[in-house]
Amino acid sequence: MANPLPPKPSLSATGSYFLGLGFRAFGGLGAVLALTLAGLPLSATALIGFILVIGIATNNALVLVAFIEQMRREGHSVGEAVRVGTALRLQPKLMTALIAMAGMVPLAIGREEGGEILQPLALVILGGMPVALVATLLVLPVLYALVHGRRAAVVGAGPAPAPAT
């Protein structure tokens with residue numbers, strides 16, 4: 001009978017997940033830039049937007065790293081796992097970001113009564129999501145390939161080791 005639980009991550013995979021966690025800051029960078037350009041102060045609703053952007057950016061990065069690690073466990077090389085894994089996860093990441101951003105456009109315009117309250121939330125999401133998306137889909141795969149490609153060259157390892165059962 002097959003084990004229904006996912007495999008326990010190896011030490012190498014745990015380091016990869018920490019690499020993915022570093023991408024929380026990219027979403028915050030775009031959010032701060034959006035608030036600064038709009039001339040809006042940091043408010044409670046903007047902080048809620050920061051939490052949303054950082055959560056989505058972290059989730060996207062961790063899902064991508066987990067998918068690449070799964071491909072490596074299946075026997076793919078580091079370069080192939082990064083290339084194919086990123087390409088296969090492109091559409092879900094784009095859809096997540098575009099839907100979140102499209103929902104915020106009416107709030108960002110803020111023309112209705114009381115709209116100025118939610119405008120900072122919308123601007124944080126509209127500024128943070130594109131930056132986090134680019135970082136997740138372009139910078140993270142490159143860093144993953146550099147870190148794990150160098151490790152594979154030094155150790156002479158091929159695919160990621162199978163987790164202990």
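**Asn-59**

I started with Asn-59, which is found in helix H3. Helices here are DSSP runs of H or I of at least four residues, strands are E runs of at least two, and numbering goes from the N terminus. I am working on a predicted model, so I took local features only at pLDDT of at least 70 and side-chain atom pairs only at pLDDT 80 or more, while totals for chains, interfaces and linings use all residues. Residues are numbered from 1 along each chain as its sequence is written, and side-chain values use heavy atoms, with hydrogens and water left out.

The cut-offs are under 20% for buried and over 50% for exposed, with partly exposed in between (1.4 Å probe, protein chains only). I then checked Asn-59 against Lys-93, 34 residues away along the chain. Their C-alpha atoms are separated by 10.0 Å.

**Whole chain**

I counted five helices and zero strands. Along the sequence the pattern reads α-α-α-α-α. The chain has 165 residues, and 36% of them count as buried. I looked at contacts (heavy atoms within 4.5 Å). Of those between residues at least 6 apart in sequence, 76% join residues at least 24 apart.

**Helix H4**

Does the length of H4 agree or disagree with its residue count? It agrees, because 32 residues at 1.5 Å a residue should span 46 Å, and the end C-alpha atoms are 44 Å apart. The expected span is 1.5 Å times one less than the number of residues.

I found a kink of about 40 degrees at Leu-90, shortly before the proline Pro-92. The bend is the angle between axes fitted to the seven residues ending at a position and the seven starting there. After H4 comes Gly-110, with a positive phi near 60 degrees.

I listed the buried residues of H4; among them are Val-78, Gly-85, Lys-93 and Ala-108. Thr-86 also sits in H4, which covers residues 78–109. I call Thr-86 buried because its relative accessible area is 12%. Leaving out residues up to four places away in sequence, Thr-86 touches Leu-64, Ile-68, Ala-81, Leu-137 and Pro-141.

**Cores**

Next I looked up the nonpolar cores: sets of buried Ala, Val, Leu, Ile, Met, Phe, Trp, Tyr and Cys residues joined through side-chain atoms within 4.5 Å. The largest has 17 residues. Leu-35, Phe-50, Val-53, Met-104, Val-124, Ile-125 and Met-129 touch the most other members. Helices H2 (24–38), H3 (44–73), H4 and H5 (115–155) each give two or more residues to this core. H5 gives the largest share, eight residues.

Beyond residues up to four places away in sequence, its contacts include Gly-49, Leu-52, Ala-100 and Pro-130. A second, separate core has 10 residues, including Leu-64, Val-65, Met-71 and Ala-81.

**Rings**

I found Arg-89 over the face of Phe-67, at 5.4 Å from the ring centre. The rule asks for NZ of Lys or CZ of Arg within 6 Å of the ring centre and within 35 degrees of the ring normal.

**Val-142**

My last entry is Val-142, in helix H5. Val-142 is partly exposed because its relative accessible area is 48%. Val-142 and Arg-83 are 59 residues apart in sequence. From C-alpha to C-alpha they are 9.5 Å apart.
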